Amino acid sequence: MTPESRVQKKIVLWGGWYGSHNIGDQVLLLSITDLLEKHLAAQLSFTVLTDNAVWVREYTSRGSSSRINPIQSRRELFNVIRAIYECDLFVFGGGVPFYDQTYHVMVMGYLIALLRLFHKPHLLWSVSSQAVRSRFARTVFRWVLGKASAITYRDEHTRALFASCGVNLDQMEMAPDPGFSLEWAAVEEGVEILKRTGWVDNSRPLFGLTPRTLRSADGEAGTHYEAKTPAQYRQEIDCFAAALDWLWEQGYQPVFIPMNTVYPDDDRVASREIIRQARHGGVALMVDESFRPRVAPTLYNLCVGSFVARVHGGITSMLGNCPMMMYAFAPKHVGIMEMMQMKVYCLNEEGASPSKVIEVLASMLGSRQELKERLSARLIELKRAATMPAKQAAEILGSELRGS
C-alpha cells in the first residue's frame with residue numbers, strides 16, 4: 001500500500017431513508033459502506049445525512065465495523081455544510097432518491113448547490129426512481145445528473161427517466177442494488193427467531209410472506225412515494241390472504257417476515273389484517289420482533305419460497321436462495337424482479353387477484369429446484385457487478401483498489 005492510499009478519504013452519503021426502520025434502507029447503507037471498505041485501499045470515514053441520527057448510529061454500530069458518523073440533517077445544518085465542505089466524495093443512493101415530492105426535490109437541489117459551491121464530486125450509486133411528472137422535479141434532477149462524476153442506475157424505468165432529463169446514455173451504466181453483496185448472519189440466528197414464533201423444525205416446510213402496510217400516519221392508504229387508494233390496499237390484503245390459505249392447504253407453513261416493525265410503516269399491521277381475513281389465518285406464524293438487516297437472508301433461507309411486497313424482501317430472499325414472487329405496486333418492484341431474472345413471477349398491481357396469486361404461486365413452487373439453481377448462478381453475476389460503483393468511487397478519489 002502506498003503512502004497516498006493511506007490518506008483518509010471522507011465520504012458523505014445521502015439517500016433519503018437511511019434513518020428509517022425499514023430493513024431495506026439499512027441493508028443499503030451497510031452494503032454501500034461494506035463495498036467501499038472492501039474495494040478501496042484508502043482509510044475511509046463515512047458521514048450519513050439522516051433525519052434519525054440516533055437510529056442510524058444504533059444499527060450501524062451493531063452491523064458495521066466502518067467509521068460511520070450520522071448527522072441529524074434538519075437540526076445540524078452547520079454540520080451538514082461542514083461535512084460537505086470537508087468531504088472527498090458525496091454519494092446519492094442507493095434506493096429510490098428520485099421521486100416527485102416537492103420538499104424532497106428541494107433538498108436534492110440544496111445538496112447539489114452546496115456540492116457545486118465547494119467543488120465536490122458526487123456519485124449516483126445504483127439509484128432507482130418512481131414516476132416523475134413535475135417539471136420542477138425534472139429540472140432539479142437534470143441539475144443533479146448533469147454534474148455527477150458517475151451515474152449508475154438500478155432499472156430500465158430509471159434509465160428512461162434520466163434520458164428524458166437530457167442525460168447522455170453513454171454517461172450512465174446499470175448496476176445492481178448494493179444489497180446483493182450483503183454479508184449475512186449465521187443461519188442459527190434466523191432459526192432462533194423462528195423458534196420464538198412457535199415453529200418446530202420437523203413441521204411443514206416454511207413459506208415466507210412479506211406484505212407492505214400501505215398506510216400513512218393519517219390513516220389513508222399510501223406509500224413514501226405516491227398515494228394508494230383504500231381499494232388498492234384491500235387488494236393487497238386479499239391477494240396475501242389467498243396465498244396464505246392456498247399454501248396451508250398445499251401442506252406449507254406460512255410465516256410472516258416483516259421488513260419494518262415501526263408505526264406507521266409497520267408490516268405487521270397488514271400481516272394481522274391478512275390473518276384475520278384468511279380462512280386459515282389462525283395457523284400462520286409471524287415474526288413479531290425487529291431483527292438485524294444481516295439476519296433477513298437467514299430467515300428466507302429457511303423457507304422454500306416467499307411472496308413479498310418489499311424490494312429488499314426480494315433481494316434478501318435471493319441472498320438466502322429462496323425463490324420469490326413479488327407483489328409489484330410500484331415500478332421499483334418490476335425493475336428488481338427483472339434484475340433477478342424473475343419477472344415472470346412478478347404480480348403487477350393492475351392485474352393482481354387471488355386467482356392470479358395462486359396461479360403464479362403454483363408455477364413458482366413447481367419449478368422450485370430449477371429456480372434455486374438459476375438464482376444461485378444469477379447472484380454470482382450480480383455480486384460481481386455490484387462492485388462497479390465502488391470502483392468508480394476509487395477512480396474519483398484517486399484511490400488504489402484492494403488486490404490490484
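Let's start with two helices: the axes of H4 (residues 102-117) and H5 (residues 135-146) come within 10 Å of each other and cross at roughly 25 degrees. This is a predicted model, where local features need pLDDT of at least 70, side-chain atom pairs count only at pLDDT 80 or more, and totals for chains, interfaces and linings use all residues. Residues are numbered from 1 along each chain as its sequence is written, and side-chain values use heavy atoms, with hydrogens and water left out.

**A few ground rules**

- Helices (H or I, at least four residues) and strands (E, at least two) are DSSP runs numbered from the N terminus.
- Axes are lines fitted to C-alpha atoms, for helices over the stretch in contact, and angles run from 0 to 180 degrees between N-to-C directions.

**H4 with H5**

- H4 and H5 are therefore roughly parallel to each other (angles under 35 degrees count as roughly parallel, over 145 as roughly antiparallel, 65 to 115 as roughly perpendicular and the rest as oblique).
- Their crossing is left-handed (the near helix is turned anticlockwise from the far one by less than a right angle; clockwise would be right-handed).
- On the H4 side, the contact (heavy atoms within 4.5 Å) includes Thr-102, Val-105, Met-106 and Gly-109, while H5 brings residues including Phe-136, Val-140 and Trp-143.
- The residues of this contact split into eleven nonpolar, two polar and one charged (Ala, Val, Leu, Ile, Met, Phe, Trp, Tyr, Cys and Pro count as nonpolar, Asp, Glu, Lys and Arg as charged, and the others, Gly among them, as polar).

**H8 with H13**

- H8 (residues 230-249) and H13 (residues 354-366) pack at an angle of about 45 degrees, with their axes 8 Å apart.
- That angle makes H8 oblique to H13, and H8 passes H13 in a right-handed crossing.
- Among the H8 residues in this contact are Asp-238, Cys-239 and Trp-246, and they meet a set in H13 that includes Pro-354, Ile-358 and Leu-365.
- Here the tally is eleven nonpolar, no polar and one charged.

**Nonpolar cores**

- The largest nonpolar core has 75 residues, and Phe-207 and Phe-307 touch the most other members (a core is a set of buried Ala, Val, Leu, Ile, Met, Phe, Trp, Tyr and Cys residues joined through side-chain atoms within 4.5 Å).
- Helix H8 gives the most to this core, with nine residues.
- There's also a second, separate core of 33 residues, including Ile-84, Met-108, Tyr-153 and Cys-165.

- Most residues other than glycine have a negative phi, and most peptide bonds are trans.
- Gly-93 and Gly-94 are joined by a cis peptide bond with omega of about -10 degrees, and Gly-94 lies in strand E4 (residues 89-98).
- Another cis bond runs from Tyr-263 to Pro-264, with omega near 5 degrees; Pro-264 lies in the loop between strand E9 (253-256) and helix H9 (267-277).
- Ser-126, in strand E5 (residues 122-129), isn't a glycine but has a positive phi near 45 degrees.
- Ser-126 counts as buried at 0% relative accessibility (buried means under 20% relative accessible area, exposed over 50%, partly exposed in between, with a 1.4 Å probe and protein chains only).
- Asn-321 also isn't a glycine, and its phi is positive at about 55 degrees; with a relative accessible area of 21%, Asn-321 is partly exposed.

**Ser-61**

- Ser-61 sits in helix H2 (residues 53-63) and counts as exposed at 54% relative accessibility.
- Ser-61 and Cys-303 are 242 residues apart in sequence and 29 Å apart in space, C-alpha to C-alpha.
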